[in-house]
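Try each task before reading its solution.

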Amino acid sequence: MNIKQQTIQKAVSVSGVGLHTGVQATMTFLPAPSNHGYKFQRVDLPGQPIVDADVDNVVDLSRGTTIEQSGARIHTVEHTLAALVGLQIDNVLIQLDGPEPPIMDGSSIKFVEALRDAGIEEQNAARNYFEVNEYVHYRNDDKDIEIAALPLNDYRLTVMVDYNSRFLSSQHAYLNDLTQFPEEIAMCRTFVFLHELEALYKQNLIKGGDLSNAIVIVDRKVEEGELDHLAQLLNKPKVSVNREVGILNNLDLHYPNEMARHKLLDMIGDLALVGRPIKAQILAARPGHAANVAFAKKIKKLMLKNAQNQVPQFDPTQPAVMDMNRISQLLPHRYPFQLIDRIIALDENSVVGIKNVTMNEPFFPGHFPGNPVMPGVMQLEAMAQTGGILVLSTVSDPENYWPYLIGIENCRFRRNVVPGDTLILRCEFTSPMKRGIVKMQGRGYVAGQLVCEADMIASLVKKK
């Protein structure tokens, strides 16, 4: 899975009819900055309101997932979101001149192709993964639906569908690596049973549905007169099925288990509504949009519960955003006072730096001899230097500025830092910069435990 956030290199559009509304629309994907996430924009409405792709904005689950915010509604978002997740794209503004993304062929493949044509661009910010750290479970006894998430340092999904039908046997699908999504899952189309069609039309749904964007499973014997009625319903001159049961108009399936794969696609899109990329093993039996969204709400609740305890992760095998040489070019510190070894994450609002604490530090011989402890003021200095990198990142020519620490508040030291520790320092803006002055919150961690924290005020001054 990617370490850095990604967006697209240029705008790209697709056009078509919406599955349920039947309204023709053009959907345009636009590049977006780090930490923007997925947002839809109804450019056909007054004020062009924006709708966050958030599970708290879900308002309807009638055969699809519909979100609404500020009076603007977006129908059937799951196929669009699945394409973005499947390509590990984090930040996109999705403009729509209608109420629903085009259904295209009923899968995500056309969106995947368009996004690939636009090009994918890596951004200078770490992906903000949510690692599920405990067992999460959802069950609906009435519909015999069960979904679970287990801790895993990856994102894998397994789906089982079973419709208690002799015309569609139990099917399984799995995705062990997101990089397989475009080739293994994206082209799998939505489907419906023949006995559901009439009811869906009466519910004012699938107005844009036809045999080019959905698989219709014939689950009972159909008389010739009924085939004529179905042709009229689907706006086709004629429909047929060779066998007593099968696929209407005898469409060929991309995979024998295409239905299960499409349910997996839907789940990926629905779970994108938690707002962050997930690391977990997802196991689902007979999922649907309502269950997916209920499960996503459980994950988001756990995410919010853990937000205050979120500790930045350090993987020494991954490349640094900045190494010691680049840090030396920006900060006015040299040995023995340059206390940051690398920067591992940096975006518009936060930074994460690493200090490897060794017995060779010049302060250890004179500070608690025989019981070496890193001085609290040195921890604070390392935190301030990390914050200095964040402050310098706000200007296009950081080499021409000095970052000064001008205030410290609410400073606390929670436990000792000793030789052999890896001190992970995270600083985050808590106010916008005004006249070169900005406030930050800094926290230091060792082995997942908070060791120091402080609120800092910094000044950015241009060199003379």
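**Exercise 1.** In this predicted model, find out how many residues of helix 1 are buried.

*Solution.* Start with the cut-off: a residue counts as buried when its relative accessible area is under 20%. Next, go along helix 1, where Glu78, His79, Thr80, Leu81, Ala82, Ala83, Leu84, Val85 and Gly86 are buried. That is nine of the nine residues, so helix 1 is largely enclosed by the rest of the structure. Finally, step past the end of the helix: Gln88 follows helix 1 and has a positive phi, near 55°.

**Exercise 2.** Describe how helix 1 and helix 2 pack.

*Solution.* Two values are needed here, because a packed pair of helices is described by the angle between the axes and the distance between them. For helix 1 (residues 78-86) and helix 2 (residues 109-118), the angle is about 45° and the axes are 9 Å apart. Helix 1 is therefore oblique to helix 2.

**Exercise 3.** Now turn to the surface. Which residues form a nonpolar patch there, and which strand gives the largest share?

*Solution.* The patch is formed by Trp402, Tyr404, Ile406, Ile437 and Val461, and together they have about 420 Å² of accessible area. Strand 22 (residues 401-413) supplies the largest share, three residues. Take Trp402 as a check: this residue lies in strand 22. Its relative accessible area is 31%, so Trp402 is partly exposed.

Note on methods
Residues numbered from 1 in each chain as written. Predicted model: local features only at pLDDT ≥ 70, side-chain atom pairs only at ≥ 80, totals over all residues. Heavy atoms only, no water. Patch = residues over 30% accessible without salt bridge, like charges linked within 9 Å, V, L, I, M, F, W, Y side chains within 5 Å. Areas by Shrake-Rupley, 256 points an atom, 1.4 Å probe, with all protein chains shown as cover. Salt bridge = Lys/Arg side-chain N within 4 Å of Asp/Glu carboxyl O. Helix = DSSP H or I, 4+ residues; strand = E, 2+ residues; numbered from the N terminus. Buried < 20%, exposed > 50% of the residue type's maximum accessible area, 1.4 Å probe, protein only. Axes fitted to C-alpha atoms, helices over the stretch in contact; angles between N-to-C directions. Parallel < 35°, antiparallel > 145°, perpendicular 65-115°, else oblique.
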